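Here is a short briefing to read alongside the structure. Keep the sequence and the 3D view open as you go through the points.

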Amino acid sequence: MDLSLLDEALWAAGFLGHVALVFILFARQRVRSFPFFTAYSGYQILTTIVLFVTYRVAGAQVYTRAYWISVALDFLLLLAVLTEIAYIVFRPAARWEEHSRARLMYFGLLAILLAAVLSLGVHPGDSTLAALWQIRANLFTSILTCELFTVILFASQRIGLHWRSHVMHLGYGLTTWALMSFMVDGLHAYWGRTHHFGALEHLRSFAYLGTLLFWIGSFWRDEPKRTLATAEMQETVLHVSTRLSYDLAEALKSRKERR
């Protein structure tokens with residue numbers, strides 16, 4: 001396998017982008033809220049180094065084995081990031097909203113089933129078994145990402161998420177990249193691994209670099225606070241309101257008695 005100058009440039013740009021993103025996540029203390037996303041970004045740095053060294057010093061067989069292992073781990077970490085997004089959105093103030101856990105589990109199982117059915121229905125003719133499962137895994141995570149973020153967009157106002165919050169920006173970036181990845185893998189599934197493969201992969205890489213730049217800018221900036229009151233705040237407001245109503249009623253009653 002020979003890398004072109006563009007391939008090496010994209011490889012280097014992705015590496016530098018992830019280094020900058022991890023630096024910002026630690027420097028701006030975002031890692032506390034997004035540990036899995038930080039781990040995912042750090043894993044991309046490690047993978048780039050390992051694969052590049054393997055490509056330069058080892059044979060094609062060793063590189064191919066290392067590549068597929070990295071793809072499998074990348075898939076698992078991306079699922080962890082999606083779970084982290086759902087956890088942050090539907091469990092604000094360190095506690096689950098009423099009935100949100102049951103609804104989230106129901107939706108999660110339904111989304112996973114739909115994504116699995118759609119991705120398993122792909123059968124590109126001239127792909128190897130490993131390539132086939134990579135296409136299916138990419139489609140699965142792309143579909144699942146779009147499903148999850150669609151629900152978050154519809155629920156964002158009810159759950160008090162500002163469109164400029166970090167978790168929303170993480171979702172914007174993942175969804176944009178997932179849609180591009182879905183299109184690329186769909187074309188791979190239609191054409192196989194021979195027609196326009198390199199150009200499509202370059203398109204995917206440019207889309208991901210744009211996503212990296214978006215995340216770097218987003219996580220550097222502070223996010224607005226949630227406007228939705230927590231359950232404790234709502235209970236306090238209700239208690240104070242009830243108490244004020246009672247005191248007002250008692251004051252009016254006393255005034256009438258004095259008359």
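**Salt bridges**

The structure holds 4 salt bridges. The model is a predicted one. The points below take the charged pairs, then the overall fold, the core, and finally some individual helices.

*The network at Asp-222*

- Side chains of opposite charge can pair when their charged atoms come close.
- Arg-28, Arg-30 and Asp-222 are linked in a salt-bridge network.
- Asp-222 meets Arg-28 through their side chains, at 3.2 Å from N to O.
- Arg-28 is partly exposed, at 29%. Arg-30 is buried, at 11%.

*The pair within α7*

- Arg-204 and Glu-201 join their side chains in a salt bridge of 3.0 Å, N to O.
- Both residues belong to helix α7; they are 3 residues apart, which means a separation of about one helical turn.
- Arg-204 is buried, with a relative accessible area of 11%. Glu-201 is partly exposed, at 22%.

**Overall fold**

- The protein chain has 8 helices and 0 strands. Its pattern along the sequence is α-α-α-α-α-α-α-α.
- Of the 259 residues in the protein chain, 38% are buried.
- The accessible surface of the protein chain is about 15400 Å². Carbon and sulfur atoms account for 68% of that surface.
- Take the contacts in the protein chain between residues at least 6 apart in sequence: 74% of them join residues at least 24 apart.

**The nonpolar core**

- The largest nonpolar core contains 35 residues. Those with the most contacts inside it are Phe-37, Ile-85, Leu-170, Leu-174, Trp-215 and Phe-219.
- Which elements give two or more residues to this core? They are α1 (5-27), α2, α3 (60-90), α4 (100-120), α5 (129-155), α6 (166-191) and α7 (197-220).
- Helix α3 supplies the largest share of this core, with 8 residues.
- What does Leu-170 touch, leaving out residues up to four places away in sequence? Its contacts are Phe-34, Phe-37, Val-81, Ile-85, Trp-215 and Phe-219.

**His-166 in α6**

- His-166 is found in helix α6. Its relative accessibility is 4%, so His-166 counts as buried.
- Leaving out residues up to four places away in sequence, His-166 touches Arg-30, Phe-34, Ser-218, Phe-219, Arg-221, Asp-222 and Glu-223.

- Helix α2 has 23 residues. From first C-alpha to last it reaches 33 Å, close to the 33 Å expected at 1.5 Å a residue.
- The buried residues of α2 include Phe-37, Tyr-40, Tyr-43, Ile-45, Leu-51 and Tyr-55.
- Ile-49, Val-53 and Val-57 form a nonpolar patch on the surface. Together they have about 270 Å² of accessible area.
- Val-53 belongs to helix α2 (residues 35-57). Is Val-53 buried, partly exposed or exposed? At 43% relative accessible area, Val-53 is partly exposed.

- Val-62 lies in helix α3. Val-62 is partly exposed, with a relative accessible area of 45%.
- The C-alpha atoms of Leu-51 and Val-62 are separated by 9.8 Å. Along the chain, the two residues are 11 apart.

Key:
Residues are numbered from 1 along each chain as its sequence is written. This is a predicted model: local features need pLDDT of at least 70, side-chain atom pairs count only at pLDDT 80 or more; totals for chains, interfaces and linings use all residues. Side-chain values use heavy atoms; hydrogens and water are left out. Patches are made of residues with over 30% relative accessible area and no salt bridge: like charges are joined within 9 Å, nonpolar side chains (Val, Leu, Ile, Met, Phe, Trp, Tyr) within 5 Å. Accessible areas come from the Shrake-Rupley method with a 1.4 Å probe; for residues, only the protein chains shown count as cover. Helices (H or I, at least four residues) and strands (E, at least two) are DSSP runs, numbered from the N terminus. Buried means under 20% relative accessible area, exposed over 50%, partly exposed in between (1.4 Å probe, protein chains only). The expected span of a helix is 1.5 Å times one less than its number of residues. Contact means heavy atoms within 4.5 Å. A nonpolar core is a set of buried Ala, Val, Leu, Ile, Met, Phe, Trp, Tyr and Cys residues joined through side-chain atoms within 4.5 Å.
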